[in-house]
Amino acid sequence: MSARMLPVPDGLDGMRVDAGLAKLLGLSRTAVADLAAAGDVLLDGRPAGKSDRLSAGGLLEVTLPEPERPAEIVAEPVEGMKILHDDDDIVVISKPVGVAVHPSPGWTGPTVVGGLAAAGLRISTSGAAERQGVVHRLDAGTTGVMVVAKSEHAYTVLKRAFKERTVEKGYHAVVQGHPDPTRGTIDAPIDRHPRHDYKFAVVAGGRPSVTHYEVVEAFRAASLAHVKLETGRTHQIRVHFSALRHPCAGDLTYGADPVLARKLGLTRQWLHARTLGFAHPADGRWVEFEAEYPDDLAGALEILRDGN
């Protein structure tokens, strides 16, 4: 355990303890609430509850648990993970559903880096130990194309490319209803949901987030949209379409209709990383890769088409 003394800055005056400490320490509000419940948050020497208010100039004393050890990479084959391209610098894969990109505390399922290790592929040693070679991520429940760096040079170049947004990320999403206009841009900041820590939401003062979309096929109850991301926030497409009242079909977390989800046989959001284009780190030539729809998404699309 370690204790930290933190003066309350003027900008947090009047804010709840859980929200203010989350900002100060980079923790989730749930984690701060747990610390407060355990009596590990003192405000001016007295135990503070999560909903107590901060006062500028006050003194916070927080007792933090020891950080968890990084999760270890377990080399195990990943069923359904396809290698689309492999050379000395990069490996491009099609990620199946239910697979995390790298190990993390609490995750016990398969991972992309574990699957690559099981396939005998050497990847870059750059990055934190448990996510070496990882230059971008897909949610465990989202399928599609992604690239992993194999060389240190590729890691550096690709990390910069994703940061500078020179990578073209194309997604396909089946969203409920019919977005109007059929082609547009969603420019709305995203941050953690103010009440549900496992979700994200459009929040004033959140991180800038820009999504471009175009409806390419319309059905009776839903639309197939081609989506291009300008930024890459967690759950960005899901949050933005939910904010438009057109959530991804099957995405119950963000307000999708459970009746439609059952009709389409969906147990997760209809969202797929379809294409990925970038300058190859070895010589700068432009390369593009495409991942086919997995069976569950292809089946749901057929049901929609048959119903028109």
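## A buried lysine and its salt bridge

Lys150 is buried, at 9% relative accessibility; buried stands for under 20% relative accessible area, exposed for over 50%, and partly exposed for what lies in between (1.4 Å probe, protein chains only). This is a predicted model, in which local features need pLDDT of at least 70 and side-chain atom pairs count only at pLDDT 80 or more, while totals for chains, interfaces and linings use all residues. Residues are numbered from 1 along each chain as its sequence is written, and side-chain values use heavy atoms, with hydrogens and water left out.

Lys150 forms a salt bridge with Asp86, and the closest N and O atoms are 2.7 Å apart. A salt bridge here is a side-chain nitrogen of Lys or Arg within 4 Å of a carboxyl oxygen of Asp or Glu. Lys150 lies in the loop between S7 and helix H4 (152-163) and Asp86 in strand S5 (residues 82-86), so the pair ties together parts that are 64 residues apart in sequence. Helices (H or I, at least four residues) and strands (E, at least two) are DSSP runs, numbered from the N terminus. Asp86 is partly exposed, at 38% relative accessibility.

## Other salt bridges

The whole structure contains 11 salt bridges. In one of them, Arg16 pairs with Asp18, with the closest N and O atoms 2.9 Å apart. Arg16 is partly exposed at 25% relative accessibility, whereas Asp18 is buried, with a relative accessible area of 5%. Arg16 and Asp18 also belong to a network of salt bridges with Arg29.

Arg285 and Asp283 form a salt bridge as well, at 2.8 Å from N to O. Arg285 is partly exposed at 41% relative accessibility, and Asp283 is exposed, with a relative accessible area of 51%.

## Domains and nonpolar cores

An automatic or database domain assignment divides the protein into domain 1 (2-64), domain 2 (70-164) and domain 3 (165-307). The centres of domain 1 and domain 2, taken over C-alpha atoms, are 36 Å apart.

A nonpolar core is a set of buried Ala, Val, Leu, Ile, Met, Phe, Trp, Tyr and Cys residues joined through side-chain atoms within 4.5 Å. The largest has 45 residues, and those with the most contacts inside it include Val147, Ile237 and Phe278. At least three residues of this core come from each of domain 2 (70-164) and domain 3 (165-307). Another core, of 17 residues, lies apart from it and has Leu6, Leu21, Val32 and Leu60 among its members.

UniProt, in an unreviewed entry, lists Asp139 under "active site"; its positions are given in the numbering used here, feature names are shortened, and annotations may be inferred rather than shown by experiment. Asp139 sits in the loop between helix H3 (112-118) and strand S7 (143-149), and is partly exposed, with a relative accessible area of 23%. Beyond its neighbours within four places in sequence, Asp139 is in contact (heavy atoms within 4.5 Å) with Lys95, Val99, Thr234, His235 and Arg238.

Arg238 is one of the buried residues of H5. Seven of the eight residues of helix H5 (residues 236-243) are buried. Arg245, which follows H5, has a positive phi, near 70°.

## Gln269

Gln269 is found in the loop between helix H6 (258-264) and strand S14 (271-279) and is buried, at 6% relative accessibility. Not counting residues up to four places away in sequence, Gln269 touches residues including Gly141, Arg238 and Leu297.
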